Amino acid sequence: MKMSADVAFQLKSVLLPIASISARTSITPETRKSKKYRQIAASIEHVGLIEPLVVSPRDDGTFLLLDGALRMDILAQRKDVDVRCILATDDEGYTYNKRVSHLSNIGEHYMILKALSNGVSEKMISESLDVDVDTIRRKRSLLDGICPEVVRLLTNRRVGIQAYWILRKMKPLGQIQAAERMIHANNYSSKMVTALLTITKPELLLHPAKVPRSSPGSTAKLAVLQQESDALLTDVKKVEETFASQALDLTLCMGYIEHLLGNMQVDKYLGKNHPGILSEFKKLLGEKAEEMSRAIPESVQMPLSKGRERPDSKLPPSKTPAPTTRIAAPHSRRQLRNASA
C-alpha cells in the first residue's frame, strides 16, 4: 500500500500584488547599505527576479512572507506592483537563510565560466553582481596553475582569491601539502598560505630563488622547520585514523572506573594499599565531570535539593567524579533528573 506524502508547496508559481504580502520583519536603512543588499538589487535590475518569494496564504486573502524579505523590499523600492511567488500550504515559520551554504570562490569561478560560455559578457556579469570587471576576470582565471587534486580538496572551502595566487608559486605536490595543512588547521587565509610557502621545500617551488627568506644564513633553520612541519602533518594523519577507536576505548574505561569506585570495598582497598592509583582515578573522573558540566548548559543543570549531600562531597569540587549513569551527556531535563536521583 502506497503512502501519500503532503506537499509543503504548490508546484506552480503565481503572480501576486506586492501590497497583499506582509513581511515578518522590516528592512532597516543599514541593511539597505550592505553589500549583499546591493548585489541582490543589481541582480534584479539587470537579470530580473530569479528565485520567487515564498508566501503563506491567510484567511483574509492576504499573504505572509516566509522567505525573500530583501527581494521584496528591493521590488517595493523599485515601485513594482506584482511579484512571482510560491504558495506554501503550511506556515511552519521555516527560514532558508539559516541553512544556506555560501558559495565558495571555486563555485563562483565555475558559474562565471558557465555564463561566459552561454554568451554573457563580463560587463553584464559584473553589473549583475555589483563588482568591477577586473574582479570577474580574476575569478575567471582563478584555477589557472592549480592542480586538480587541490581543486577537489578546496571546492567547498571559503578560500580567498589571494591564497590561490600564492599556491601557484608551488608545484602540484607542494600545493597538495599546503592544502592539506590548511584543512587540518581550518585556516584558509592568505597569511596562512604565505607561511606555508615560506616552509615549503625548494624542490616543491616553481621559482625557489624568488621566494623571500627570513634572513641570510637561515637555510639550516628553515630545513629543520620543514622537517618538523612534515612530521607534524604525518602525526596528525595518524591521530585522525585512530581517534575514533581510542575515544571509544577511553569512554568505556572511564565508565568501568566509575563503576569500580562506586564499590565502597574497592574504594577502601585502593585507598589503603594504592593511594596513588586511587588519586589518579579520581583526578581523571573529576576532569571528566568538569568536561561534562561545560557541555551541559547551565540553564538545564539541576541544582541539588537542600539537605541533600553528594556521596562524594569530601572530594574537592573540581575533582568530583560524575555518577556512573553519566557516561554520555543527558539531553533533557528528565534525563538529568534521573541521573541525579
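What span should the 13 residues of helix 4 (residues 105-117) have at 1.5 Å a residue, and how far apart are its end C-alpha atoms? The expected span, defined as 1.5 Å times one less than the number of residues, is 18 Å, and the end C-alpha atoms are 18 Å apart, which agrees. The model is predicted, so local features need pLDDT of at least 70 and side-chain atom pairs count only at pLDDT 80 or more, whereas totals for chains, interfaces and linings use all residues. Residues are numbered from 1 along each chain as its sequence is written, and side-chain values use heavy atoms, with hydrogens and water left out.

Helices (H or I, at least four residues) and strands (E, at least two) are DSSP runs, numbered from the N terminus.

Strand 3 (residues 53-57) is mostly covered, with four of its five residues buried. Strands are taken to pair if DSSP finds at least two bridges between them. Strand 3 runs parallel to strand 5 (residues 82-87), to which three bridges join it; valine 55 stands opposite leucine 87 there. With strand 4 (residues 63-67) the pairing is antiparallel, over four bridges, and serine 56 has leucine 64 as its bridge partner. Strands 3 and 4 form a hairpin with five residues between them, and glycine 61 in the turn has a positive phi of about 90 degrees.

Methods
Buried < 20%, exposed > 50% of the residue type's maximum accessible area, 1.4 Å probe, protein only.
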